[in-house]
Amino acid sequence: MPTYNKLVRDRIPQIIRANGNRFNTRVLEEAEYKEELQLKLKEELQEYLESREDSHALEELADILELIHSLVEVHHSTPEELEAVRREKREVRGGFDDRVYLIDVED
């Protein structure tokens, strides 16, 4: 029996059961949930960085976005508040659309 010891999406146990397999799970405490979300974010980011096809990259970005939504809740906020912060930062500092690559700054 493979051992995973990692956070999985909510419906994964149902999928495993539907495939006729047995499993063990537990519900994480809040502190370890935050830690596991962060670990999962690292995992998904690495998978995104390793993706070679646009379709796979998009799948990984969707996973990252789902994790960001969960992390927003862990930080006692909402996706709408996160979006407001993003818009404010974009208004003040800009986005990344112009592809500006800073080489150095003279003192």
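Q: Hi! Which helix gives the most to the lining of the largest pocket?
A: That's α2, with seven residues. Keep in mind that this is a predicted model.

Q: How do the lining residues divide into nonpolar, polar and charged?
A: In the largest pocket, 14 are nonpolar, six are polar and 13 are charged.

Q: How much space lies in the largest pocket?
A: About 1300 Å³.

Q: Okay, what about the second largest pocket, how much space lies there?
A: About 220 Å³.

Q: Which residues line the second largest pocket?
A: R86, K89, R90, R93, G94, G95 and F96 do. By class, that lining has four charged residues, two polar and one nonpolar.

Q: Changing topic: where is the place of D10?
A: D10 sits in the segment before α1, and that helix covers 12–18.

Q: Is D10 buried or exposed, and why?
A: D10 counts as exposed because its relative accessibility is 75%, and over 50% is the cut-off for exposed.

Q: One last thing: how many residues apart are D10 and I68 in sequence, and what is their spacing in space?
A: They are 58 residues apart along the sequence, and their C-alpha atoms are 15 Å apart in space.

Technical notes: Residues are numbered from 1 along each chain as its sequence is written. This is a predicted model: local features need pLDDT of at least 70, side-chain atom pairs count only at pLDDT 80 or more; totals for chains, interfaces and linings use all residues. Side-chain values use heavy atoms; hydrogens and water are left out. Helices (H or I, at least four residues) and strands (E, at least two) are DSSP runs, numbered from the N terminus. Buried means under 20% relative accessible area, exposed over 50%, partly exposed in between (1.4 Å probe, protein chains only). On a 1 Å grid over the protein atoms alone, a cavity is a set of points where a 1.4 Å probe fits but cannot get out, and a pocket is an open set with protein on both sides within 12 Å along at least five of seven lines; lining residues have an atom within 4 Å of a point. Grid points are joined across faces, edges and corners, and a volume is the space filled by probe spheres set on the points. Ala, Val, Leu, Ile, Met, Phe, Trp, Tyr, Cys and Pro count as nonpolar, Asp, Glu, Lys and Arg as charged, and the others, Gly among them, as polar.
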